[in-house]
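Subject: Handing over the structure, with notes

Dear colleague,

Here is the structure that I promised to pass on to you. Please open it beside this email, and read the notes below with the chains in view.

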Amino acid sequence: IGSNDGNFKAAIGGRLQLDGQTNWNSHNLPNATGANTTNALADGTSLRRARLHAEGTFFKDYDYKFEYDFTRGPGTTAAGVTDAYIRWNALKPFALTVGQFKEPFSLEEATSNRFLTFIERNMAVNAFSDNPNAYRIGAMGSYSEQRWMAAGALMSESVGGSGLTCNAAGTCTNVNGATLYNTSSVNTNGNANRNNGSGNSSWDVTGRVAGRPWYNSETEFLHVGASGSYRTINNNYTGNSAFNNGGTLFAASIGNVDRTALLNTGNLTKGNKGAAGSYELDHYTRFGAESALVYGPFSMQGEYIRTGLQGNGYKDEVLEGYYGYGSYFLTGESRKYKASTGAWDRITPSRNFDMNGGWGAWEVAAGYDYLNLKDGTVNGGRAQTAKIGLNWYPNSHVRLMANYVHVLNIDTAPTASGTTVVNQPGARSQAFNNTNPDMLQFRAQVDF
Amino acid sequence: IGSNDGNFKAAIGGRLQLDGQTNWNSHNLPNATGANTTNALADGTSLRRARLHAEGTFFKDYDYKFEYDFTRGPGTTAAGVTDAYIRWNALKPFALTVGQFKEPFSLEEATSNRFLTFIERNMAVNAFSDNPNAYRIGAMGSYSEQRWMAAGALMSESVGGSGLTCNAAGTCTNVNGATLYNTSSVNTNGNANRNNGSGNSSWDVTGRVAGRPWYNSETEFLHVGASGSYRTINNNYTGNSAFNNGGTLFAASIGNVDRTALLNTGNLTKGNKGAAGSYELDHYTRFGAESALVYGPFSMQGEYIRTGLQGNGYKDEVLEGYYGYGSYFLTGESRKYKASTGAWDRITPSRNFDMNGGWGAWEVAAGYDYLNLKDGTVNGGRAQTAKIGLNWYPNSHVRLMANYVHVLNIDTAPTASGTTVVNQPGARSQAFNNTNPDMLQFRAQVDF
Amino acid sequence: IGSNDGNFKAAIGGRLQLDGQTNWNSHNLPNATGANTTNALADGTSLRRARLHAEGTFFKDYDYKFEYDFTRGPGTTAAGVTDAYIRWNALKPFALTVGQFKEPFSLEEATSNRFLTFIERNMAVNAFSDNPNAYRIGAMGSYSEQRWMAAGALMSESVGGSGLTCNAAGTCTNVNGATLYNTSSVNTNGNANRNNGSGNSSWDVTGRVAGRPWYNSETEFLHVGASGSYRTINNNYTGNSAFNNGGTLFAASIGNVDRTALLNTGNLTKGNKGAAGSYELDHYTRFGAESALVYGPFSMQGEYIRTGLQGNGYKDEVLEGYYGYGSYFLTGESRKYKASTGAWDRITPSRNFDMNGGWGAWEVAAGYDYLNLKDGTVNGGRAQTAKIGLNWYPNSHVRLMANYVHVLNIDTAPTASGTTVVNQPGARSQAFNNTNPDMLQFRAQVDF
């Protein structure tokens, strides 16, 4: 679409993801007691994402994109801005991006949620990049050509009121009074309502390098990559040293409709500043390694991510996770690679579904996933999941997905009494200890 | 507008409704006492609806629509998603719709608020379909041709945080602390933030059949139709049996700016689970009958809707309402019918308004409306309204409306003491008992 | 973009403003005490505005515009509708506008924030027009030709829940619990959720006349203008005369990321209705005078605004402010004037920035700004600022800005004890008394 002054190209687009979730094994859960609500995960339907964006190019060298999610924002916000940036492309293959955009970290995070193999991202990516809010304000330099890409960014907190109210004990509730699982390291004022009392924005340096060292064609190649990040935490205390706002936590959700965080460290900053038994997370470092193989209709992918914690009360505790999975297109298509972001792209079926014998594309996948949020004084629990998936692509812009997820070896037991820890798993999380929840997840997706 | 890959057609549109309201007879109201604010309805102006949508067709057989209301969402939410669906049209005249869309129930509900004869929907439609949120997530099969249509849907709760906090007594407040009148059978977590404690989504089966048994031309025909619905309610209790969240209520607003619910049952779930004197609405059934006649510039329309309540403490109490009205185009146009939805469509003036003698279209209308929310143990009040309207259509996309509404026989008296009821009308509602509020309502509307 | 029925022209556009702020001299501030958070202004980044709009023309004589700000709404709301209007242009050069739009008051307010010389508006404009919310619902008649324009409007409150909860002491907090600085004379229910208890909408009559008495060419002219406004205040009391909601306050923010209001009168309605020592602001009158000179690449601009307060407890107290600044384009461009609104318009560089020696446009500016919110019983503080700015326009739609702001003579001392005042500056504001905060502000802006 050309603009009034002829120098602009603009487009409007969006995505809708309609989800369903059914749960089993809830009967193994203990009954809720006292003022607690039921422990069982909820069955139901939801609009997982409903996004619109405007994007365009002008004066040849400038791109912009503005995207808003009307149901769930980035990180753990109720609704909010995802992308909002300007990019300058005059020195290709180099580019400079300024604004709010996704941090360059992890293959699965770099891949749009429209093109993921499973309905939800794996636990380690969810806990260490997605929930702390991968969309951040900053500036990024990047380089990309057909076989290699590199990107480095200096980033600050995300825009937007998180809608969360957190108390000093690390419990955060949203505007509906529901307890949420993550402060996104965005303090409760959000960057759009920052005032004195909000503290200075935290910041991070994050980079990723990825490439295809073995490359036969776009349907036969090996992808490898590595990411690293250093991030400071914004902790704010009152005049009498009481913790007031800020801090961060790591948590993982497994369901797509019921987003209860089964694993959750609670806020890692806690207690009066400098007091005995207090904790103050100062910064954390993340490191990730990734690899993927595409060989015709078959593909494999795996990642490992570890996060080290530093600050008052911490001795480089390490939280970590990994996953691996394989996928196969029954109808012969290959996973599509986007060299500029070093991530996956849109699948186009060899033949669209129609009433004259067209089948669209059919994909099957199986994977394993592990996350450990227990180390030293940190006890956020530990779990594994095994999952299988079936995806149907009637055409390039519609996708129907079904996932069966089985949770294994979930350990949300409290630490033995007498041991000092930052937080224990809450009553809700403890109820899931040693249960094996099963979930059937569905998604109908259209993007335009 | 064609898309980049040539397979898409997309369009952006929206609607703005700017409203005003002036009230009389407030001097008959008793003065507020104690910590209550004034009983009088407020005069003022408002943006009643401000919606944008993106819609389109791709690969010929697929439609999508995504619409957001930026001032008031569907049901009683502050702002929210209305339509968000994909439709598959390959087997015309059959269609399959998946996503969030309007339930197939009632002629007046099926008609877009852009094309209503009066500014607000009649009380029975408002109480039984509009306020409980006509936009729900689900799947619908439909059939339509020139003279008949039928649709059946399996639906669940609406998407989106309702922004409401409800207490166990059934009082719900929005984020501004204002008391709202309906939980929309959406629990306070909303579907976008569902967690364990939210309970499983409620669901309903709803269907509508409508047609034109007498059909002479598009300006001379008789419309008849019937709707039916069965809906379960999501009630959630804590470990010690206290009511925690969920339930539903029925309420009706008459004003377009001051949306105070004069009639209101309060939450129909109340008290500890299974305790003496507790109520738990399990499900309700709705039935509606509708008819309309178009004869040149003259038209008539009427509907009857009844809702039966079942659950612990209920004995099939019946809440019901009906309305009837006539309309006449002074400038000779006819009401326009849309066969695919069995509802009313856009009016196009014979001649647009201009400075050379074009008048646009002028329409006068008069109607009567009745709602009874009192039966058995339920006391939500009872009222009638008589109203007249004048509409001016300068062209097909702009409309100016004026309505005069007189409320008759409003009965919001408390039940005689000693009788057991779920809820009494609140102090605010009781103040209106036997008063006859008059309202002058205005609207300027543009849709594009 | 043409519409389906060929009678429409529509366009989508938007703006992104990415801001940064760094503060000095915080070490002169006293340390926070007790439960107060730090006094120092926060360093950080923010998305200052992220707006999308739809606008168009149809049937030749009708314009419409709908704009939404996704990060910060108009006035002090968290996010909200800015423009939402229909305009009828058949009797050019006269026009009639109905809906929500900006009040016709002040040269700097009439200028889009995309085209301001400095990053933030001057304090008097911020306190008397911007924060009380310049976007209001109403009707406006206007006249404009090349050298003169006049506009008069009858307006009511803005649309949209303000998201604020205010207590009777005049302290307002947003949904995140952060204290905000202004009720925008929108009561806490907002116009979209008005009910009985909200009171009747307040209203105002506002007008502006501006022109170019000396006019040589579009690059050599003198602009002069005057504005006036009378506005009533909506104050609501309970049955026992306690102040419940409404009122208004005047406040000014200087930072672009940390929007703490250094100057703040607090709510000017306070105490039980009619009680001794109570205050009830009934209405206020504003008057503004403005002038600007463009002479080639050089321009100058100044304004004076005064506001008089009337009501129970007030004796025509006068709050006032003024500013003046000069700007020079190093690359030879002139400031662009838009005759229809009597305000500034988009700068187009003589030559766009490119890698072959194009510099874009470069502008330097320096200014002085004064605001006095102290008079009689009102003590909201007093301050001056001096500032310099550097703007780079690589092309007509991208702008990078840097401002250095020095605050002078800030007086937020409490009134001597024994004197009766409506409100004292809060502990936070008092901490800034006689400090000289310095700020470096940045902005990257794209509009499309």
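First, how to read the notes. Residues are numbered from 1 along each chain as its sequence is written, while chains are lettered from A and ligands numbered from 1 in the order in which they are written. This is a predicted model, in which local features need pLDDT of at least 70 and side-chain atom pairs count only at pLDDT 80 or more, although totals for chains, interfaces and linings use all residues, and side-chain values use heavy atoms, with hydrogens and water left out.

Chain A

Chain A contains three helices and 25 strands, where helices (H or I, at least four residues) and strands (E, at least two) are DSSP runs numbered from the N terminus. Of the 448 residues in chain A, 61% are buried; here buried means under 20% relative accessible area, exposed means over 50%, and partly exposed lies in between, with a 1.4 Å probe and protein chains only. The accessible surface of chain A comes to about 14,800 Å², and 55% of that surface belongs to carbon and sulfur atoms; such areas come from the Shrake-Rupley method with a 1.4 Å probe, and for residues only the protein chains shown count as cover. If we take the contacts in chain A (heavy atoms within 4.5 Å) between residues at least 6 apart in sequence, 65% of them join residues at least 24 apart.

Helix α2 of chain A, residues 123-130, is largely enclosed by the rest of the structure, because eight of its eight residues are buried. Among them are Met123(A), Phe128(A) and Asp130(A).

Thr341(A) sits in the loop between β20 (337-338) and β21 (343-344) of chain A, and with a relative accessibility of 29% Thr341(A) counts as partly exposed. Although Thr341(A) and Tyr143(A) are 198 residues apart in sequence, their C-alpha atoms are 9.4 Å apart in space. Beyond its neighbours within four places in sequence, Thr341(A) is in contact with Ala110(A), Met149(A) and Arg208(A).

The second largest cavity

Rolling a probe the size of a water molecule over the atoms shows where empty space is left. On a 1 Å grid over the protein atoms alone, a cavity is a set of points where a 1.4 Å probe fits but cannot get out, and its lining residues have an atom within 4 Å of a point. Of the 21 residues that line the second largest cavity, the closest to its centre are Ile12(A), Leu52(A), Leu52(B), Leu52(C) and Phe70(C). The lining has 16 nonpolar, three polar and two charged residues, where Ala, Val, Leu, Ile, Met, Phe, Trp, Tyr, Cys and Pro count as nonpolar, Asp, Glu, Lys and Arg as charged, and the others, Gly among them, as polar.

Residues in chain B

Ser227(B) belongs to strand β12 (residues 220-232) of chain B and, at 4% relative accessibility, counts as buried. The side chain of Ser227(B) reaches the backbone nitrogen of Ser106(B) at 3.0 Å. Leaving aside neighbours within four places in sequence, the residues in contact with Ser227(B) include Phe105(B), Arg286(B) and Glu290(B).

Backbone geometry

Most residues other than glycine have a negative phi, and most peptide bonds are trans. Asn133(B), which is not a glycine, has a positive phi of about 80 degrees; Asn133(B) is in the loop between α2 (123-130) and β6 (135-144) of chain B and is buried at 2% relative accessibility. Ser241(B) also has a positive phi, near 75 degrees, and is partly exposed, with a relative accessible area of 30%. The peptide bond from Lys92(A) to Pro93(A) is cis, with omega near 5 degrees, and Pro93(A) lies in the loop between β4 (80-88) and β5 (94-102) of chain A. In chain C, the bond from Lys92(C) to Pro93(C) is cis, with omega near 5 degrees.

With best wishes

Methods. 1 Å grid on protein atoms, 1.4 Å probe; cavity = no way out; pocket = protein on both sides within 12 Å on 5 of 7 lines; lining within 4 Å. Polar contact = N/O pair within 3.5 Å; in protein donor to acceptor, adjacent residues only side chain to side chain.
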